[in-house]
Amino acid sequence: MSTLSLSPVLTSPRDDAIQLYRAFKGLGCDTAAVVNILAHRDATQRSLIQHEYSAMYSEDLLKRLVSELRGKLETAVLLWMHDPAGRDAIVIRQALLPDLTNLDAATEVICSRTPSQIQLIKQNYQAKFGVFLEQDIERHTSGDHKKLLLAYVSTSRYEGLEVDREMAMKDAKALYKAGEKRLGTDEKTFIRIFSERSRAQLAAISAAYHDMYGGSLKKAVKSETSGKFERGLLTILQCSENPAKYFAKALHKAMKGLGTDDTTLIRIIVTRTEIDMQYIKAEYLRKYKKTLNDAVHSDTSGHYRTFLLSLLGPNN
């Protein structure tokens, strides 16, 4: 479900390609024009614009954007030019590369995506990089974190809303026995349940856990696990209950305090704009009593600010 606030685009992809070429010509780039065109086009339109640009000017639009744009704006626009699955594949690949390692980013993207999204990411990953996603996870992660990610990307899960209450109670009991009830933690049980159960089922397990033991499953994960493994489990759990709330919190964290974590800001806004941004905006406003647009406005500047706010759409 696309949530990009697109008014009907009256120009054709060919016209857009011509306007972009004009924006690049001459002394300096007309960055405002580039932002204004690209921020208001959906994935299909962006793909057609790239095709038209290449056909007319025998030049790769992405390469031209690299040479014309700079800094955070360049990062955001280039990421935006891909379709959602291709973009996720690129984010994961960059996050796993040794010189840029950002395992938190790789964990967020993998553990917050649905099984059908993961299938498309895996296809794109292999097509773009000539290596299986699982091979890169195997190579660049370790321990229980690695086991969780591998299980999560290779297990097929039901995507519907039906739940089995009896099974949820059994799993809640198994998780209690694997964690809070014993000395040490049986990580295998956490990995098995968190990677095999559907989102709806995991939310039911979380509710059953609270009913049966009085505490929250989230708190149990926090007290029983740590590091990247904990982060992966929490991402899976929170996205099973309310993905928009999870991303609203991550965006708030990226902007709070001194300085802004622009890598996270760009990644979440660009990757969620065509998925569930209106829900994230609603959660942000509910939780922080401030619109996401206002928060982004006060933490960014220039064309970079304009671009992100254009993706976010109306200030509500």
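Reader: Is Thr-114 buried or exposed?

Author: A residue is called buried under 20% relative accessible area, exposed over 50%, and partly exposed in between, with a 1.4 Å probe and protein chains only. Thr-114 has a relative accessible area of 18% and is therefore buried. The model is a predicted one, in which local features need pLDDT of at least 70 and side-chain atom pairs count only at pLDDT 80 or more, while totals for chains, interfaces and linings use all residues. Residues are numbered from 1 along each chain as its sequence is written, and side-chain values use heavy atoms, with hydrogens and water left out.

Reader: Where is Thr-114 found, and which residues does Thr-114 touch?

Author: Helices are DSSP runs of H or I with at least four residues, strands are runs of E with at least two, and both are numbered from the N terminus. Thr-114 is in the loop between α7 and α8. Contact means heavy atoms within 4.5 Å. Not counting residues up to four places away in sequence, Thr-114 touches Glu-159 and Arg-199.

Reader: Where is the place of Thr-225?

Author: Thr-225 is in the loop between α14 (217–224) and α15. This threonine is buried, with a relative accessible area of 7%. When neighbours within four places in sequence are left aside, Thr-225 is in contact with Glu-230 and Leu-233.

Reader: How does one judge whether the length of a helix agrees with expectation?

Author: The expected span is 1.5 Å times one less than the number of residues. Helix α6 (residues 84–96) has 13 residues and should span 18 Å; its end C-alpha atoms are 18 Å apart, which agrees.

Reader: How many of the 13 residues of α6 are buried?

Author: Ten of them are buried, so α6 is largely enclosed by the rest of the structure. Among these buried residues are Arg-87, Asp-88, Ile-90 and Leu-96. The buried residues of α6 pack against α3, α5 (71–80), α7 (103–112), α8 (115–129), α9 (133–140) and α17 (262–272).

Reader: Which residues touch the most other members of the largest nonpolar core?

Author: A nonpolar core is a set of buried Ala, Val, Leu, Ile, Met, Phe, Trp, Tyr and Cys residues joined through side-chain atoms within 4.5 Å. The largest core has 92 residues, and those touching the most other members are Leu-20, Leu-65, Phe-194, Leu-251, Ile-269, Leu-292 and Phe-307. Helix α16 (residues 243–255) gives the most to this core, with seven residues. Apart from neighbours within four places in sequence, the contacts of Leu-292 include Leu-251, Met-255 and Tyr-284.

Reader: How is a pair of aromatic rings described?

Author: Such a pair is described by the distance of the centres and the angle of the planes. Rings of Phe, Tyr and Trp (its six-membered ring) pair if their centres lie within 6.5 Å; planes under 30 degrees apart count as stacked, over 60 as edge-to-face and the rest as tilted. By this rule the count comes to eleven aromatic pairs. One of them, Tyr-21 with Tyr-57, is stacked, at 3.9 Å centre to centre and 5° between the planes. This pair links distant parts of the chain, for Tyr-21 is in helix α1 (residues 13–24) and Tyr-57 in helix α3 (residues 43–57), 36 residues apart. Tyr-21 is partly exposed at 25% relative accessible area, and Tyr-57 is partly exposed at 23%. Together with Phe-24 and Tyr-53, these two tyrosines form one aromatic cluster.

Reader: Over the face of which residue does Arg-46 lie?

Author: A charge sits over a ring if NZ of Lys or CZ of Arg is within 6 Å of the ring centre and within 35 degrees of the ring normal. Arg-46 lies over the face of Trp-80, at 3.8 Å from the ring centre. Arg-157 lies over the face of Tyr-152, at 3.7 Å from the ring centre.

Reader: How many disulfides does the count give?

Author: A disulfide is a pair of cysteine sulfur atoms within 2.5 Å, and the count comes to zero. The sulfur of Cys-111 has its closest cysteine sulfur in Cys-239, at 8.5 Å, too far for a bond. Cys-111 is buried at 0% relative accessible area, and Cys-239 is buried at 1%.

Reader: What is the phi of Ser-58?

Author: Most residues other than glycine have a negative phi. Ser-58, although not a glycine, has a positive phi of about 45°. Ser-58 lies in the loop between α3 and α4 (61–68) and is exposed, at 69% relative accessibility.
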